[in-house]
Amino acid sequence: MTRQFEFNPANVNTILDETWQHLTSAVETETHPWRLGNLATVAADRPRVRTVVLRDVQRGERELICYTDRRSDKVAELQESPWIEWVTYDPVTRVQIRLRGIATLHIDDDRAAQHWGNSSLEHRRSYITVSAPGTKAESAVPNLPDFLFDRLPNDEEAQLGFENFAVIVCRIDHLDWLQLRRNGHLAAQFLWTDKWEGHWKYA
């Protein structure tokens, strides 16, 4: 799939179709800029934003999926308030999307185990950490045990990380699409009730 939007200006729903296609492509292509998104949560009535990796897309369920350490701030924030917004931008197509919805956490359940089973040893190593994310450190060193500084874990060692692993499933009900153009930007919005309803809007 080429990184461009080929939509019918007379039919706003072609934008929605292409957006989900690009999101699916981003899961499969490490260099796709939509693979990295900014996930916003709420804490103490203030926004918190961080970059996450898009790990899976389930279009039929309207789901975007990423992973995190269960001890991270965003887990506590989502337990307090499940509302999220996901933003990403492609400098080639000059398209920004904002996706809003509710997040569900999966920890020590079948869905977490399924995603863990599909992950690589390199990815699993990220969860075999010495301290919880955000803990104050005395120097600039990786948050890894000494025996994993210069190698990947074996299968048995990798399982140590599962107790820190969490899956965030974001179910989307609001999608804003914006394409930056020198001769005038284009924008569209899609809202979910029992189906997607879309319309063009002024940028």
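Modeller: His-32 has 4% relative accessibility, so it counts as buried. The cut-off for buried is under 20%. Keep in mind that this is a predicted model.

Colleague: Where does His-32 sit in the chain?

Modeller: In a loop. The loop runs between H1 and strand S1, which covers 36–43.

Colleague: What does the side chain of His-32 reach?

Modeller: The backbone nitrogen of Trp-34. The distance is 3.0 Å.

Colleague: And which residues is His-32 in contact with, leaving aside its neighbours within four places in sequence?

Modeller: Arg-3, His-22, Ser-25, Ala-26 and Asp-90.

Colleague: OK, zoom out. How many helices and strands are there?

Modeller: The protein chain has 5 helices and 9 strands. From the N terminus on, the elements go α-β-β-β-β-α-β-β-α-α-α-β-β-β.

Colleague: What does the C-alpha trace span?

Modeller: About 60 × 35 × 35 Å along its principal axes. The accessible surface comes to about 11,400 Å². Carbon and sulfur atoms hold 48% of that surface.

Colleague: How many residues are in the chain, and what share is buried?

Modeller: There are 203 residues, and 43% of them are buried. Here is another number for the fold. Take the contacts with a separation of 6 or more: 61% of them join residues 24 or more positions apart.

Colleague: Let's go inside. How many residues does the largest nonpolar core have?

Modeller: It has 31 residues. Those with the most contacts inside it are Leu-23, Leu-64, Trp-86, Cys-170 and Trp-177.

Colleague: Which elements supply at least two residues of this core?

Modeller: Helix H1 (13–28) does, along with strands S4 (63–69), S5 (83–90), S6 (95–106), S7 (165–179) and S8 (186–192). H1 gives the most, with 6 residues.

Colleague: New topic: charges. How many salt bridges does a search of the whole structure find?

Modeller: It finds 15. As background, side chains of opposite charge can pair when their charged atoms come close.

Colleague: Which residue does Glu-63 meet in a salt bridge?

Modeller: Arg-171, at 3.0 Å from N to O. Glu-63 lies in strand S4 and Arg-171 in strand S7, so the pair ties together parts 108 residues apart in sequence.

Colleague: Is Glu-63 buried or exposed?

Modeller: Buried, at 5% relative accessibility. Arg-171 is partly exposed, with a relative accessible area of 36%.

Colleague: And what about Glu-85, which residue does it pair with?

Modeller: Glu-85 forms a salt bridge with Arg-98, and the closest N and O atoms are 3.1 Å apart. Glu-85 is in strand S5 and Arg-98 is in strand S6, so this pair links parts 13 residues apart in sequence. Glu-85 counts as buried at 18% relative accessibility. Arg-98 is partly exposed at 27%.

Colleague: What about Glu-197?

Modeller: Glu-197 forms a salt bridge with Lys-195, with the closest N and O atoms 3.6 Å apart. Glu-197 is partly exposed, with a relative accessible area of 41%. Lys-195 is partly exposed too, at 47%.

Colleague: Now Thr-129. Where does Thr-129 lie?

Modeller: In the loop between helix H4 (121–125) and helix H5 (155–158). The side chain of Thr-129 makes a polar contact with the side chain of Arg-71, at 2.4 Å. Not counting residues up to four places away in sequence, Thr-129 touches Asp-69, Arg-71, Asn-143 and Asn-164.

Colleague: Last one. What does UniProt list for residues 19–105?

Modeller: An unreviewed UniProt entry lists them as "domain: Pyridoxamine 5'-phosphate oxidase Alr4036 family FMN-binding". In the model, residues 19–105 are 21% helix and 52% strand. The end C-alpha atoms of that stretch are 25 Å apart.

Technical notes: Residues are numbered from 1 along each chain as its sequence is written. This is a predicted model: local features need pLDDT of at least 70, side-chain atom pairs count only at pLDDT 80 or more; totals for chains, interfaces and linings use all residues. Side-chain values use heavy atoms; hydrogens and water are left out. A nonpolar core is a set of buried Ala, Val, Leu, Ile, Met, Phe, Trp, Tyr and Cys residues joined through side-chain atoms within 4.5 Å. Buried means under 20% relative accessible area, exposed over 50%, partly exposed in between (1.4 Å probe, protein chains only). Helices (H or I, at least four residues) and strands (E, at least two) are DSSP runs, numbered from the N terminus. UniProt positions are given in the numbering used here, feature names are shortened, and annotations may be inferred rather than shown by experiment. A polar contact is a pair of N or O atoms within 3.5 Å; within protein, one must be able to donate a hydrogen and the other to accept it, and residues adjacent in sequence count only if both atoms are side-chain atoms. Contact means heavy atoms within 4.5 Å. Accessible areas come from the Shrake-Rupley method with a 1.4 Å probe; for residues, only the protein chains shown count as cover. A salt bridge is a side-chain nitrogen of Lys or Arg within 4 Å of a carboxyl oxygen of Asp or Glu.
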